[in-house]
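Student: I have a new structure open and would like to work through it. Can we take it step by step?

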Amino acid sequence: MGCIESMKYEILLKNASFKECRDYVRENYPDYRDVQPGFRMFDKYLIGVPPISIGLDGDIIVFPYTKPCYGTFLMRLEDAEEAKRIRSLQKPAKK
Amino acid sequence: MSENKDAVLLLGCPQVPVQTGIALYLLYALKKAGITPVIAGNRAARLLVEVSDPGRHYVGEVIDLDRCIAELAEKKRDFSYFFVFIHNDAGVSYAATVQALSSSPVIALIYGEHYKDIAAQIDFPCEKVAAKAVHNPTPLKKKIEEVLPWVVSNL
């Protein structure tokens, strides 16, 4: 596990709103977990309006990443260890 | 009443001109009320404030925004008040985050061209101070003057 910005990632949504990111995750990732702001992912604490939805698909993790000047990016990256950790910490969200 | 109290000003992206002026004004007003202000922001936002007050008459401690959030999340630090500068969706996200991480009052300073739409997105507990201020800080300054005495004496 390392710095998110140094990892190989894909941006699914750019300059999105926190709501657009939440809706995208819930619509496209049946296995999603709702977490509170401040949830630690890799080396960062998640910023957002609760609940923050994190999508999981095998080792793939999809989550919102907020920067003050650029809004929120929905990022997709692969990390088996972190996906396992999130599954162990958070129960699947009720649909 | 405000003895040993502190307040953090969470700065947003400095693309809206009023932010730095309002931040300096708020530093002055908080100090006058006996509250120790701390600035948290990204590098550009911090530098704008620091360069604008070279004698450090108003600016005291300045910290990185990510570090501020990390210390709150790790329960290493808390503040008596959170003043969050909001002119975009990211600002709303930061305000919601500190509201979730601390039990201290959150005061959302909402400004910019789309201040009404931004204010409408905020449905979590906080005090909203909103004005259409883009280049001219006066409307937001007036709102702060109205609410700050109430905030520091009641919250």
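Tutor: Start with a term: a salt bridge is a side-chain nitrogen of Lys or Arg within 4 Å of a carboxyl oxygen of Asp or Glu. Keep in mind that this is a predicted model.

Student: Which residue of chain A forms a salt bridge with B:Asp66?

Tutor: The cut-off is 4 Å between the nitrogen and the carboxyl oxygen. Here the closest N and O atoms are 3.4 Å apart, so the pair passes the rule. The partner of B:Asp66 is A:Lys44.

Student: How many salt bridges does the rule find across the interface of chain A and chain B?

Tutor: The structure holds 15 salt bridges over all chains. Across the interface of chain A and chain B, the rule also finds 5 residue pairs in polar contact, both residues at pLDDT 80 or more. The number of salt bridges across that interface is 2.

Student: Which strands of chain A each supply at least two residues of the side that touches chain B?

Tutor: Take the side of chain A that touches chain B. By class it has 10 nonpolar, 6 polar and 3 charged residues. The strands that each supply at least two of its residues are E4 (44–45), E6 (60–67) and E7 (71–78).

Student: Which three residues supply more than any other three of the area that chain A buries against chain B?

Tutor: In terms of contacts, 19 residues of chain A meet 21 residues of chain B. The area buried between the two chains is about 1500 Å², and carbon and sulfur atoms give 67% of it. Three residues supply 39% of the area that chain A buries here: A:Tyr45, A:Ile47 and A:Pro68.

Student: Now the sheet in chain A. Which strands stand at its edges?

Tutor: The sheet is open, with 5 antiparallel strands in the order E1-E7-E6-E5-E2. An edge strand has a single partner strand, so one side of it is left without a neighbour in the sheet. The edge strands of chain A are E1 and E2 (31–35).

Student: What is the bridge partner of A:Asp34 in E5(A)?

Tutor: E2(A) and strand E5 (residues 52–57) of chain A run antiparallel and are joined by 5 bridges. In E5(A), the bridge partner of A:Asp34 is A:Ser53.

Student: Which helix of chain B packs on that sheet of chain A?

Tutor: Chain A has a helix of its own there: H1 (residues 18–28) touches E1, E2, E5, E6 and E7 of chain A. The direction of this H1 makes about 135° with that of E1(A). The helix from chain B touches E1, E6 and E7 of chain A, at about 100° to E6(A). That helix is H4 (residues 89–101) of chain B.

Student: How many residues apart in sequence are the parts that A:Glu10 and A:Arg76 tie together?

Tutor: These two residues form a salt bridge, with the closest N and O atoms 3.5 Å apart. A:Glu10 lies in strand E1 (residues 9–16) of chain A and A:Arg76 in strand E7 of chain A, so the bridge links parts whose separation in sequence is 66 residues.

Student: Which peptide bond is cis, with omega near -5°?

Tutor: Look in the loop between E4 and E5 of chain A, where A:Pro51 lies. The cis bond runs from A:Pro50 to A:Pro51.

Student: On to chain B. Which are the edge strands of its open sheet of 6 strands?

Tutor: The order is E3-E2-E1-E4-E5-E6, with parallel pairing. Each edge strand pairs on one side only. They are strand E3 (61–64) and strand E6 (127–130) of chain B.

Student: What angle does helix H3 of chain B make with E3(B)?

Tutor: Compare another helix of chain B: H1 (residues 18–32) packs on the sheet, and its direction makes about 165° with that of E4(B). Helix H3 (residues 65–73) of chain B lies across E1, E2, E3 and E4 of chain B. The angle of H3 to E3(B) is about 85°.

How values were computed
Residues are numbered from 1 along each chain as its sequence is written. Chains are lettered from A and ligands numbered from 1 in the order in which they are written. This is a predicted model: local features need pLDDT of at least 70, side-chain atom pairs count only at pLDDT 80 or more; totals for chains, interfaces and linings use all residues. Side-chain values use heavy atoms; hydrogens and water are left out. Contact means heavy atoms within 4.5 Å. Buried area is the accessible area (1.4 Å probe) that two parts lose on being put together, summed over both. A polar contact is a pair of N or O atoms within 3.5 Å; within protein, one must be able to donate a hydrogen and the other to accept it, and residues adjacent in sequence count only if both atoms are side-chain atoms. Helices (H or I, at least four residues) and strands (E, at least two) are DSSP runs, numbered from the N terminus. Ala, Val, Leu, Ile, Met, Phe, Trp, Tyr, Cys and Pro count as nonpolar, Asp, Glu, Lys and Arg as charged, and the others, Gly among them, as polar. Two strands pair if DSSP finds at least two bridges between them. Axes are lines fitted to C-alpha atoms, for helices over the stretch in contact, and angles run from 0 to 180 degrees between N-to-C directions.
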